[in-house]
Amino acid sequence: MNHAATSTVLGAGPVTKGAISPVFNDRHSRTDVVVIGAGPSGLAVARELEHRHRISVLVVEKAEAPAVSWRNRYDNFRLNTNGFLSHLPGQRIPLTAGRWPTKEDMVRYFDRYVQLQNITLALGCEVNHIERAAGDWLVDTSSGRIRTSAVVLATGKYHTPAVPPWPGLDHFSGELVHSGDFRNAWPYQGRDVLVVGAGNSAADIAVQLADNGARKIWLAVRTPPHLVRRAMGPIPSDVFLELFARVPARMVDPLIARLNRLLFGDLSVYGFGRPPLGLKATVEQRGRIPTLADELVDAVRASRVEVVAAVAAVESGRVILEDGTAVRPEVIVAATGFSTDLDGLVGHLGVLDEHGDPHGGFASHLGDGMFAIGYGIPPSGPLRAIRLAATPLARQVAAYLAARSFGTAPSLTIAG
C-alpha cells in the first residue's frame, strides 16, 4: 500500500529530500508520519520508514542543524563505544574515523547520513504541543500546524540540562556551568574548579581541566561509579560487555569486579568507594553506564584531581560536602545529567512515567499511533541500541498505518 505523504513546501514548491532547510510555513500541512527530533534516533527511524516501507516522513527539529547535541559536545569528546558497532541503519561510520570517533567525525557522519539516506528535515521548527484531533495527531509548531497519522517522539534523553537544587546555590559568588555548556578547559586556566558527577562527561572534563592548567580540581562523587578501561587488551569494553549481554548479572558481575581490581588495583585510598551494585546490575536497575576512566585514574593517582564527597549545600564562597568538609571553588561544573522535558509536549496525554520518560522502555508504541525511541540508557551504548530498535519500531509504525487504512488499527486509549 502507498502511504506517500502530501506534504510540500507551501508557497515554495516541492520538498527537497536530504535538504537541511525548513519545509513549510504557517499554513496547514499534512504528512503520514512526523518524527520529532533530528538526533540519531529520529534520523534512524525516518530512514527505516522511507527505505523499508516507502512511507514519507517529515523530521521536525527546533535547532538549525541535525544532531545538535553532538555538535555542542566539548572539544575533546570521543565516542565511548567503538565506531564499528555505533552506526545507524544502512550506513557505517567511515573506517577513517578510527576506533573511537571524535565529535567532528560524528557530526560529519550525521550530516552525510541525512544526505545519503534522503531524509527530509524541517529545521528551526519547534514543536509546542501535540493533541489528538479526529483520529489524527495535530502537531502545533512554531512554523504552523501539521496533521499526521503517526508521531514518533525522538527528542532524546539529553534534552534539557539538569542541575540539582542544592541549598544556597543562588548565593554562590562564583561561576556555575553545566557540562552541556562546557566546550574546553581554556577559560578555567589558573582557577579552582569543582566538577560534580561521576559519569563519562565528568571524568572527561576533570581530565581536560587537569591537562590544560586549572589550578585545583575536585571531583565530587555521590554514588561510587564503575570505572572501566576503554579497552581490555585488544577488545573494546563495549564489545566485552556485549559478549556478556545474555549472562545474568549475578554471574557476570563478580567476574567484572575481579577483572577491574586487576586492571586498576584498590582505588578506595583515592576516594573511589565500592559501588553498591555490580556493573551489569547497575546498568539494568539504575540505568547508569560505567565510566571510562583510564586517564581519570591516572590524574587522581598523580594528585591532579582530588575525589571528594557529594555536594550538600552551597554558600557564597564555598561548597559544603556531605562528609562535613568544604571546598572553595571559583567555578562549579555540574555534570549532573539532563531531563527529557517532555511534560509540556505530551504530559497531558498520560504517556509518561514517574521520571518523565515515555512508557515502554527504549522504544515503544505509546498508543493510537504515537511512538517513542531513544529514552533510556542501554548497556551496549545508545547508538547501537538505536540501530537495533529503529527497524522493528519502523515496522510497528508501518503496521499501524496499514491497519488504519483498512480500518483495523487497534485503539489504544491515551489518558488525558
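**Entry 1: Asp211 and Arg304**

I began with Asp211, which is partly exposed, with a relative accessible area of 46%. I keep in mind throughout that this is a predicted model. The side chain of Asp211 meets that of Arg304 in a salt bridge, at 2.9 Å from N to O. The pair links distant parts of the chain, since I found Asp211 in helix H4 (residues 200–211) and Arg304 in the loop between helix H8 (294–301) and strand S15 (306–308), 93 residues apart. I then looked up Arg304 as well, and this residue is partly exposed, with a relative accessible area of 35%.

**Entry 2: Other salt bridges**

I noted for myself that side chains of opposite charge can pair when their charged atoms come close. How many salt bridges does the count come to? I wrote down 17 salt bridges.

One of them joins the side chains of Asp136 and Arg147, at 3.8 Å from N to O. Asp136 lies in strand S5 (residues 136–141) and Arg147 in strand S6 (residues 144–153), 11 residues apart, and this pair too links distant parts of the chain. Asp136 is buried at a relative accessible area of 7%, whereas Arg147, at 29%, counts as partly exposed.

I turned next to Lys280 and Glu284, whose side chains meet in a salt bridge at 3.8 Å, N to O. Both belong to helix H7 (residues 279–286), and because they are 4 residues apart there, about one helical turn separates them. Lys280 is buried, with a relative accessible area of 12%.

I also recorded a network of salt bridges that links Arg47, Glu48 and Arg52.

**Entry 3: Arg230**

I located Arg230 in the loop between strand S11 (227–228) and strand S12 (231–232). Which side chain of opposite charge is nearest to Arg230? I found Asp204, 5.2 Å away, and Arg230 is buried yet has no salt bridge; a salt bridge needs the nitrogen and the carboxyl oxygen to be within 4 Å. The side chain of Arg230 does reach the backbone oxygen of Leu79, at 3.0 Å.

**Entry 4: The second largest pocket**

Last, I looked up the second largest pocket, which has a volume of about 540 Å³. It is lined by 21 residues, of which Ala257, Arg261, Gly273, Arg274 and Pro275 are the closest to its centre. Which helix gives the most to this lining? I wrote down helix H6 (residues 249–264), which contributes 7 residues. Sorting the lining by class, I have 11 nonpolar, 6 polar and 4 charged residues.

Technical notes:
Residues are numbered from 1 along each chain as its sequence is written. This is a predicted model: local features need pLDDT of at least 70, side-chain atom pairs count only at pLDDT 80 or more; totals for chains, interfaces and linings use all residues. Side-chain values use heavy atoms; hydrogens and water are left out. On a 1 Å grid over the protein atoms alone, a cavity is a set of points where a 1.4 Å probe fits but cannot get out, and a pocket is an open set with protein on both sides within 12 Å along at least five of seven lines; lining residues have an atom within 4 Å of a point. Grid points are joined across faces, edges and corners, and a volume is the space filled by probe spheres set on the points. Helices (H or I, at least four residues) and strands (E, at least two) are DSSP runs, numbered from the N terminus. Ala, Val, Leu, Ile, Met, Phe, Trp, Tyr, Cys and Pro count as nonpolar, Asp, Glu, Lys and Arg as charged, and the others, Gly among them, as polar. Buried means under 20% relative accessible area, exposed over 50%, partly exposed in between (1.4 Å probe, protein chains only). Lys and Arg count as positive and Asp and Glu as negative; His and the chain ends are not counted. A polar contact is a pair of N or O atoms within 3.5 Å; within protein, one must be able to donate a hydrogen and the other to accept it, and residues adjacent in sequence count only if both atoms are side-chain atoms.
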